[in-house]
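Morning, everyone. I'll take this one from the whole chain down to single residues. Please have the viewer open.

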Amino acid sequence: MSSSTKPVHTPLTQFATADGQLLVGGLPLARLAERVGQTPFYAYDRALLAARAQALRATLPPGLKIHYAMKANPMPALVAHMAGLVDGIDVASAGELKVALDAGANPQDISFAGPGKRDAELHQAVAAGILVNVESFREIPVLAAAAQRLGLPARVAVRVNPDFELKASGMKMGGGPKQFGVDAEQVPALLAEIAGAGLSFEGFHLFAGSQNLKAEAIVEAQRKSFELALRLAEHAPAPVRFLNLGGGFGIPYFPGEQALDLAPIADNLAQISAQAAAQLPQAELVIELGRYLVGEAGIYVCRVVDRKVSRGQTYLVTDGGLHHHLAASGNFGQVIRKNYPVAVGNRMDAAAAGEASVVGPLCTPLDVLADRMSLPAAEIGDLVVVFQSGAYGFTASPERFLGHPAAVEVLV
Ligand SMILES: *Cc1c(COP(=O)(O)O)cnc(C)c1O
């Protein structure tokens, strides 16, 4: 029971409570569970999604475009909601492209990145009229063939694997050897091939990494990305019209983590915008964000099906677990397992009554949603909530593992 030395989670304030119930989209959690008709489920709050997008826009320099990287959460209704809040959608497959187009996103403002784009996907991209972030020399003749066959321009940007890394990033996706993008030193040759193949060159895409809570690291990466783009622009066959500086904005998940300070990032982007206006006057500056836009607006909800005490330790066994929420179990890229913020959503006013572990129904010790966490006394039938679950949850989990029922997703 001694938890005085344990770091605690930063209190979460985005969801209100009333009469001991967490409110989602204005609905008390128990009622929402009845409306959904089952547990487990994911619920995403429309108003929180809109508030986050608007706050970001109010802070970042005017004119800077904000794209939603939809692999963070590709639920079709959510993507449609986001399409009305941001300036573009970044897709990572033809499957995601379909969702973005169905959602009503303007093809002009959709971009497609990812290693291993299949020929059919590249043809679909040209037919759709979206921008392809080229990540390999192999994509060029395929795009040229598609453009010729369809009688349409092949709109391309070059995804650059930069010659630096994003410091303090949860997941590095650029710098050193990587499967993403084309190494900066090979880009001049790639640009020559793009020109030779008659593709429509529009700009550059740089993405250094993900889940970063250090503003200085993001500032440094954006500055270096911009400087690299300026150098590479000297080799470009046409003026740069699109410059995607990536994102990597993190959200706090674990005890002791603090929300990202946007102010220095906004200042830096304002300086970059001013410099771009002089040096790349036709360029539209873009940042692309996934989890920062949607992660904090979503919760995962499961129900306590059993309560057991094993040698002094309390286990709340729920109907949900890693098969729906791999990241909360600590198995999606974390090196050391840490607890996501968890609460008993129908006892929000109750004081902590000791430590309990929240586990799922799977026959593996990996199926843990909260490890020895300070929680109110929970009973069978109570609703356990995992916060910060709007990104990399439902579609980033091995749903088929052990054959339990699927979770449902709702946008409230
Ligand atoms: C995954 C991904 C993102 C989104 O990352 P977040 O950490 O969710 O913001 C952005 N751009 C590219 C190229 C990605 O692969």
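First, a term: strands here are DSSP runs of E, at least two residues long, numbered from the N terminus. With that numbering, leucine 402 sits in the loop between strand 21 and strand 22. I'll come back to that loop. And a caution: this is a predicted model.

Overall make-up. The protein has ten helices and 22 strands. Along the principal axes, the C-alpha atoms fill a box of roughly 70 × 40 × 35 Å.

Now burial and surface. Of the 412 residues, 54% count as buried. The accessible surface is about 16900 Å², and carbon and sulfur atoms own 54% of that surface. Take the contacts with a separation of 6 or more: 72% of them join residues 24 or more positions apart.

Charges next. There are 33 positive and 38 negative side chains. The centres of those two sets lie 3 Å apart.

Domains. The assignment gives domain 1 as 17-44 plus 296-411, and domain 2 as 113-289. Eight residues from domain 1 and six residues from domain 2 make the contact. The C-alpha centres of the two domains are 36 Å apart.

Let's zoom in. Lysine 172 belongs to strand 10, residues 171-172. Its relative accessibility is 38%, so lysine 172 counts as partly exposed. Which residue lies 36 positions away along the chain, with its C-alpha 6.3 Å from that of lysine 172? Alanine 208.

Now the backbone. Most residues other than glycine have a negative phi, and most peptide bonds are trans. Here are some exceptions to look at.

One is a cis peptide bond, from threonine 39 to proline 40, with omega near -5 degrees. Proline 40 is in the loop between helix 1, residues 29-36, and strand 4, residues 41-44.

Then back to the loop I promised. Strand 21 covers 383-386 and strand 22 covers 408-411, and tyrosine 392 is in the loop between them. Tyrosine 392 has a positive phi, near 55 degrees. Leucine 402 has a positive phi too, near 80 degrees.

Leucine 402, at 37%, is partly exposed.

That's the tour. Questions, please.

Conventions: Residues numbered from 1 in each chain as written. Heavy atoms only, no water. Helix = DSSP H or I, 4+ residues; strand = E, 2+ residues; numbered from the N terminus. Buried < 20%, exposed > 50% of the residue type's maximum accessible area, 1.4 Å probe, protein only. Contact = heavy atoms within 4.5 Å. Areas by Shrake-Rupley, 256 points an atom, 1.4 Å probe, with all protein chains shown as cover. Lys, Arg positive; Asp, Glu negative; His and termini not counted. Charge placed at Lys NZ, Arg CZ, Asp CG, Glu CD. Domains from an automatic or database assignment.
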